[in-house]
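Please take the sequence and the model side by side, and keep both in view while reading. The paragraphs that follow move from one local feature to the next.

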Amino acid sequence: MNTQTQEAVPKASGLLLAIILVGQFLAILNVNIVNVATPTIEADLHSSGAGLQMIVAGYTIVYAVLLITGARIGDLFGYRKAFLGGLAVFVITTLAAGLAPSTGWLVASRLLQGAGAAMMMPQVLTLIQRNYHGAARGRAIGLWSLVISGGIVVGQALGGILLGLGLGWRVVFLTLVPIGALLLVAGLKVLPADEGGGRTGLDPLGLVSLSAAVLLLVVPLVLGRDLGWPLWGWISMGLSVVTFAAFVRVERWVTSRGGRPLVDARVLRAPGMRPGLAILLFGPATWGAFLFTSALHLQGDLHLSPLASGMMLVPCALAFGLVGLAWPRLPARLQRPLVPFGYVVAAPAYVGLGLAAGGGVAYAVMSALIGAGLGVQVAVTNMATEQVDDAYAADASGALLTVMQLGQVIGVSTVGTLFISLDAGASAATASLTTSVAMAALAVLAGLSSLFLVRRRVPAAA
């Protein structure tokens with residue numbers, strides 16, 4: 001049960017939420033806005049294929065690997081300091097990226113951007129868990145989820161607008177710098193002072209083993225598709241399983257010696273946490289695959305501009321956000337059953353999307369139904385964390401965000417590879433329908449996992 005009461009919520013909670021969510025928005029925007037700019041970056045910097053891959057993927061790789069570390073840094077030094085420190089690193093390295101004179105400089109800037117985002121992002125969910133409770137918490141997590149979905153769509157559309165104006169790829173980065181700087185100033189005045197979770201020590205063995213496991217998994221998943229799935233990638237993914245197992249043993253050993261493990265077992269034992277993690281693996285996997293394959297289909301097969309492609313996904317993002325915001329306002333008896341029902345809506349909508357591969361109104365309607373169905377992931381996040389003690393909020397944030405990021409990477413790499421292979425060797429309609437069925441299967445897995453979440457009864461006092 002949470003140890004912090006509603007009376008402890010700061011008076012500036014609305015402004016606090018705005019600041020941390022805008023910071024999150026910038027970090028998400030930075031992933032998708034760059035994808036649109038790669039052709040102009042290649043022409044200007046004469047980047048090689050490997051260089052372009054690292055410009056796009058380097059940010060994601062570092063971000064995924066360091067998320068748990070970022071959560072622990074907040075626990076040790078304070079969530080305010082960690083958020084503002086991560087934001088400062090993000091702003092400085094974004095400026096460096098916009099001024100990059102070479103591919104190597106840009107790659108290094110992107111890697112450091114990922115590190116800054118990994119320090120900043122876990123603090124957002126942790127601050128929400130510690131400062132918002134009851135219905136206010138549900139609304140805050142709804143807005144948190146809306147920012148995630150909106151940042152993806154806005155990134156693609158905004159990149160298309162800026163490049164369409166002929167301003168060049170550098171403005172894609174430089175536009176974010178003054179916004180980040182203003183946010184940093186506001187954060188210094190508004191974010192509440194705290195001392196973190198009172199933990200001591202970084203659990204270096206846990207950090208090394210988990211970071212290695214995530215790195216061994218994410219690198220081949222992110223780069224493998226473009227490299228033709230080389231042998232080293234399969235070996236790396238196999239080693240990641242072994243390293244994850246080693247991480248579990250390390251954490252048990254640290255706990256047995258009275259130390260502070262990287263992810264405390266009490267977090268994983270909290271009611272709803274384990275099924276929540278399963279849902280937040282499969283749900284983001286189907287979401288990431290949908291956004292990736294939709295962009296390829298709309299721009300590659302239907303020859304839409306990045307801006308037009310982004311606008312086609314607006315109904316999906318809006319539906320996703322509206323469901324997330326409406327969920328806390330529903331009667332309590334409906335909130336838990338809504339979760340599996342959302343995936344019941346999303347799975348057939350994916351099949352419908354494959355049948356509406358020609359675009360138009362039917363495609364937009366199906367994408368809106370997908371967004372509405374997946375919008376219940378807001379409820380999943382809230383239900384997975386509602387019984388986690390505030391003292392372990394950082395552990396929960398790091399675990400949830402890492403699993404969500406891995407889910408997106410897995411969805412993009414597997415379903416994305418399937419789409420690219422079929423699109424090259426078969427018709428666009430066949431590629432779209434086949435991958436839509438694969439995404440529907442992932443939605444079904446998320447729905448089945450949600451049954452284990454909603455059957456758990458939460459004590460009234462929570």
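Leu 167 lies in the loop that runs between helix H5 (135-164) and helix H6 (170-174), and in this predicted model its relative accessibility of 48% makes it partly exposed, because that value falls between the 20% and 50% cut-offs.

Side chains of opposite charge can pair when their charged atoms come close. Here Arg 170 forms a salt bridge with Asp 44, and the closest N and O atoms are 3.7 Å apart. The pair links distant parts of the chain, since Arg 170 is in helix H6 while Asp 44 is in helix H1, 126 residues apart. The structure holds one salt bridge. Is the pair buried or exposed, or does it fall in between? Arg 170 is partly exposed, with a relative accessible area of 27%, and Asp 44 is likewise partly exposed, with 40%.

From Asp 44 in helix H1 the reader can go on to His 46, which is found in the loop between helix H1 (13-45) and helix H2 (49-77). Most residues other than glycine have a negative phi. His 46, however, has a positive phi of about 55 degrees although it is not a glycine. With a relative accessibility of 69%, His 46 counts as exposed, because exposed residues are those over 50%.

A positive phi is also found at Trp 229, where the value is near 50 degrees in a residue other than glycine. Trp 229 is placed in the loop between helix H8 (204-223) and helix H9 (231-256), and with a relative accessible area of 22% it is partly exposed.

The last stop is Gly 354, which has its place in helix H15 (residues 338-355). Why does Gly 354 count as buried? Its relative accessible area is 5%, and it is therefore buried, since the cut-off for that term is under 20%. Leaving aside neighbours within four places in sequence, Gly 354 is in contact with Ala 429, Ser 432, Leu 433 and Ser 436. For Ser 436, the separation along the chain from Gly 354 is 82 residues, yet the C-alpha atoms of these two residues are separated by 5.3 Å.

Conventions. Residues numbered from 1 in each chain as written. Predicted model: local features only at pLDDT ≥ 70, side-chain atom pairs only at ≥ 80, totals over all residues. Heavy atoms only, no water. Helix = DSSP H or I, 4+ residues; strand = E, 2+ residues; numbered from the N terminus. Buried < 20%, exposed > 50% of the residue type's maximum accessible area, 1.4 Å probe, protein only. Contact = heavy atoms within 4.5 Å. Salt bridge = Lys/Arg side-chain N within 4 Å of Asp/Glu carboxyl O.
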